[in-house]
Amino acid sequence: MNCKKCNEEIPLVVNYKNGFAKLWYCSKCDFEEREITECEHEFVTLKYEYSSTLINVMTKCTKCDKFLKAHKHRDVDLSKLNSKNLEEGFEYQDKLKEIRILFAKKINELRLKQKKLTNEWSIQQWYYGYLESNIWKKKREWILKNVDYKCERCGKKALYVHHKTYDRVGYENPEDLMAVCKSCHGKEHSENRDLDIVSQFKLDNL
């Protein structure tokens, strides 16, 4: 299998149940290719009893629930039809759910592994560590006390101290920081999407 972006050969990273489902992934391009075996349909006509008065007769696949045909009661002998247990799942659908979870978990693992090779990971880990430091905790407490624990945007109770700039992160001036509530903290970030710790310090191609 070749990557459709860089055209280089990419490895098979998941082989589910001897080829029933396969996942290839190119870490360089963050490109994934999936191959999943189609359901081998087994269509059966059954009674679907939703209540004592509502009974539908349908021909569906017992593995994936694919619909084929609906039948009028007068065209079938209800006494000779088996009922569908609506609480039971479907074998093929259950496999698809398992595959989606398995593939997503594997992709996240590979992305994290690749991210750890970049300086983006180092920057984020350094910043998270800084926010746990006593230096930051003292700065945070000073900012909150200085505004009587009130959000500087809406006046509600402030729970966070927001960086308005990362130009002096670690050596912030008071004007670099602001006390905000949870809602306003989210608004600050949504209104200033270019402001983040990685963009401030990330080196190109590293």
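Is Tyr 130 buried or exposed? Tyr 130 is buried, its relative accessible area being 9%. Here buried stands for under 20% relative accessible area, exposed for over 50% and partly exposed for what lies in between, with a 1.4 Å probe and protein chains only.

The model is predicted, so local features need pLDDT of at least 70 and side-chain atom pairs count only at pLDDT 80 or more, while totals for chains, interfaces and linings use all residues. Residues are numbered from 1 along each chain as its sequence is written, and side-chain values use heavy atoms, with hydrogens and water left out.

**Overall fold**

The protein chain contains 5 helices and 8 strands; helices (H or I, at least four residues) and strands (E, at least two) are DSSP runs numbered from the N terminus. Their order along the sequence is β-β-β-β-β-β-α-α-α-β-β-α-α. The chain is more spread out than a compact globule, because its radius of gyration is 28 Å, well over the 17 Å that the globule rule gives for 206 residues. That radius is taken over C-alpha atoms, and the rule is 2.2 Å times the number of residues to the power 0.38. Along the principal axes, the C-alpha atoms fill a box of roughly 80 × 50 × 25 Å.

Of the 206 residues, 32% are buried. A contact means heavy atoms within 4.5 Å. Among contacts between residues at least 6 apart in sequence, 47% join residues at least 24 apart. The accessible surface is about 14,200 Å², and carbon and sulfur atoms account for 48% of that surface; the areas come from the Shrake-Rupley method with a 1.4 Å probe, and for residues only the protein chains shown count as cover.

**Aromatic pairs**

A pair of aromatic rings is described by the distance of the centres and the angle of the planes. Rings of Phe, Tyr and Trp (its six-membered ring) pair if their centres lie within 6.5 Å; planes under 30 degrees apart count as stacked, over 60 as edge-to-face and the rest as tilted. By this rule there are 5 aromatic pairs. Two of them are tabulated here.

| Pair | Centre to centre | Angle between planes | Type |
|---|---|---|---|
| Trp 126 and Tyr 130 | 5.7 Å | 5° | stacked |
| Tyr 127 and Tyr 166 | 5.7 Å | 85° | edge-to-face |

Trp 126 and Tyr 130 lie 4 residues apart in helix α2 (residues 119-131), so about one helical turn separates them. Trp 126 is partly exposed, at 44% relative accessibility. Elsewhere, Tyr 16, Phe 20 and Tyr 92 make up one aromatic cluster.

**Helix α5**

Val 198 belongs to helix α5 (residues 197-201) and counts as buried, at 9% relative accessibility. Leaving aside residues up to four places away in sequence, Val 198 touches Glu 120, Ile 123 and Gln 124.

Ser 199 counts as partly exposed, at 47% relative accessibility. The C-alpha atoms of Ser 199 and Asp 176, 23 residues apart along the chain, are separated by 17 Å.
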